[in-house]
Protein chains: 2
Amino acid sequence: MKIAILGGTGKEGSGLGFRWAAAGHEVIIGSRTEAKGQRAAEELQAALPEAAIRGCDNVTAAADAEIVVLSVPYEAQQATLTDVRAVLQGKMLVTVVAPLGQPKARVMRLPSGLSAAEEAQMQVGRNVTVVAAFQNISATHLRDLEHPLDCDVLICGERAADKEIVAGLCRDAGMRGINAGPLANAVVAEGLTAVLLGINVRHKISGAGIRITGLPEE
Amino acid sequence: MKIAILGGTGKEGSGLGFRWAAAGHEVIIGSRTEAKGQRAAEELQAALPEAAIRGCDNVTAAADAEIVVLSVPYEAQQATLTDVRAVLQGKMLVTVVAPLGQPKARVMRLPSGLSAAEEAQMQVGRNVTVVAAFQNISATHLRDLEHPLDCDVLICGERAADKEIVAGLCRDAGMRGINAGPLANAVVAEGLTAVLLGINVRHKISGAGIRITGLPEE
């Protein structure tokens, strides 16, 4: 699949792009400026000579892709979606965004009473299906393909078929994706990000994650 | 410790009481009526002849205990706390309550924009310290002391010392308690209950739970 990652120069976005490119997907790294996107893509390409990775600005990236991944800080979500809204129509938007509290990132917040994913859905309109996923994964080991990722991905969205596609992207990145219900439940995954950051701070670790237990082995 | 469980006749409350009594705590099962509390306590006592378990109404239970556990449906929270508010003063209230969506329990909801735990804190006042815990544990295996519980407990509250006490109660019940930040983060644990219920339904299982990964082994 052709996957654009808006804000793909960041640690999490580039790490996911790295894993998806290694799994055979065509990855487009988007950034606010074309030059930054290209630089990040070149860096990834150097580490994966066989892969199909290129970089450009966010709007071009979103226009060229089948699936668009939003991986920007919450503070940049609204402006980024304003830029790409027109070219997103008819596509799936997978949002990785989790709002973090100010001044303490480890305290969860709901600036509008809605999850960031629901805000995104309202902004992009009904012709874009928004799915929330990857909020709780640590970027630490994404670039090391040999490193097993000890975490699950909660996937929230309205349509089972969309969530199946995202579950496939989870598998391709070395994780188990789990249907966590409708987009209204995205606040749980977004809030868990703050909880996990707090656990990282208190235990002086970098990669706290979650696993769902009680499921039959696959 | 002397632990009262308000709504202790339910599956989760009685299961926790069973494990705490087996660990040597004095357990008081509270119910809306004295007779129901006594009946539930007698049943637990029959299975644990050595343990100290008794039953009474919620107000007497809360008055007699050092730690009070709130294990009622969300719909009964406000009325129950109105009844026990006076006798709670100066104590710790551990709330297990998670509001579930209507009509779909697997969709999370925040009736007031606050977590049920924060609503409880507002209602009981500053002389009671509210700690949220045990929202995400399955009652299925609580009565089987030999059954290992494959889940962690997220503990949210304002004071580290209170959370340490609750972490001890987690250990005594066979689980690992994890400091998940301030009471504002309780919405995550409460929302996870809806997510886990949905996972149970979709996978036809009864005991989905969560584990925090990335922590050093104890």
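A residue is called buried here if 20 or more other C-beta atoms lie within 10 Å of its own, exposed if 12 or fewer do, and partly exposed in between, with C-beta atoms placed from the backbone. By that criterion both faces of strand 5 of chain A are covered: Met92(A) and Val94(A) are buried on one side, and Leu93(A) and Thr95(A) on the other. Helices (H or I, at least four residues) and strands (E, at least two) are DSSP runs, numbered from the N terminus.

The model is predicted: local features need pLDDT of at least 70, side-chain atom pairs count only at pLDDT 80 or more, and totals for chains, interfaces and linings use all residues. Residues are numbered from 1 along each chain as its sequence is written, while chains are lettered from A and ligands numbered from 1 in the order in which they are written.

## Relation of the two chains

Copies are superposed by least squares on the C-alpha atoms of residues with pLDDT of at least 70 in both. Chain A can be laid on chain B with an RMSD of 0.0 Å by a turn of 180 degrees and a shift of 0.0 Å along the axis. The two copies are therefore related as by a two-fold rotation axis. The same surface serves both copies, since 100% of the contact residues of chain A recur in chain B.

## The interface

Two residues are in contact if their C-beta atoms, placed from the backbone, lie within 7 Å. The contact takes 34 residues from chain A and 34 residues from chain B. On the chain A side, the elements that give two or more residues are strand 8 (176-179), helix 7 (186-203) and strand 9 (209-213). Helix 7 of chain A gives the most, with 10 residues. The residues on this side of chain A divide into 19 nonpolar, 11 polar and four charged. In this count Ala, Val, Leu, Ile, Met, Phe, Trp, Tyr, Cys and Pro are nonpolar, Asp, Glu, Lys and Arg are charged, and the others, Gly among them, are polar.

Strands are said to pair if DSSP finds at least two bridges between them. Strand 9 of chain A and strand 9 of chain B (residues 209-213) pair in the antiparallel sense over five bridges. The bridge partner of Gly209(A) in strand 9 of chain B is Thr213(B).

Gly209(B) lies in strand 9 of chain B. With 22 C-beta neighbours inside 10 Å, Gly209(B) counts as buried. Not counting residues up to four places away in sequence, Gly209(B) touches Thr213(A) and Gly214(A) as well as Asn136(B), Ile137(B), Ser138(B), Asp150(B), Cys151(B) and Leu196(B). Gly209(B) and Ile137(B) are 72 residues apart in sequence and 6.2 Å apart in space, C-alpha to C-alpha.

## Strand pairings

The table lists pairings with their bridges.

| Strands | Sense | Bridges |
|---|---|---|
| Strand 9 of chain A, strand 9 of chain B | antiparallel | five bridges |
| Strand 4 of chain A, strand 5 of chain A | parallel | four bridges |
| Strand 4 of chain B, strand 5 of chain B | parallel | four bridges |
| Strand 1 of chain B, strand 2 of chain B | parallel | five bridges |

In strand 5 of chain A, Val94(A) is the bridge partner of Val69(A). In chain B, Ile67(B) stands opposite Met92(B) of strand 5, and Leu6(B) stands opposite Gly30(B) of strand 2. Four of the five residues of strand 1 (residues 2-6) of chain B are buried, so this strand is largely enclosed by the rest of the structure.

## Core and helices

A nonpolar core is a set of buried Ala, Val, Leu, Ile, Met, Phe, Trp, Tyr and Cys residues joined through C-beta atoms within 7 Å. Val69(A) and Val69(B) touch the most other members among the 148 residues of the largest nonpolar core. Beyond four places in sequence, Val69(B) touches Ile3(B), Ala4(B), Ile5(B), Leu6(B), Gly13(B), Leu16(B), Val94(B) and Val96(B).

Helix 4 (residues 74-88) of chain A bends by about 45 degrees at Thr82(A), the bend being the angle between axes fitted to the seven residues ending there and the seven starting there. Its buried residues are Gln77(A), Thr80(A), Leu81(A), Val84(A) and Leu88(A). What covers them includes strand 1, helix 3 (58-64), strand 4, strand 5 and helix 5 (116-124) of chain A. Gly90(A), with a positive phi near 85 degrees, follows helix 4 of chain A.

Helix 5 of chain A is mostly covered, with seven of its nine residues buried. The buried residues of helix 5 pack against strand 4, helix 4, strand 5, strand 6 (129-132) and helix 7 of chain A. Gly125(A), whose phi is positive and near 90 degrees, follows helix 5 of chain A.
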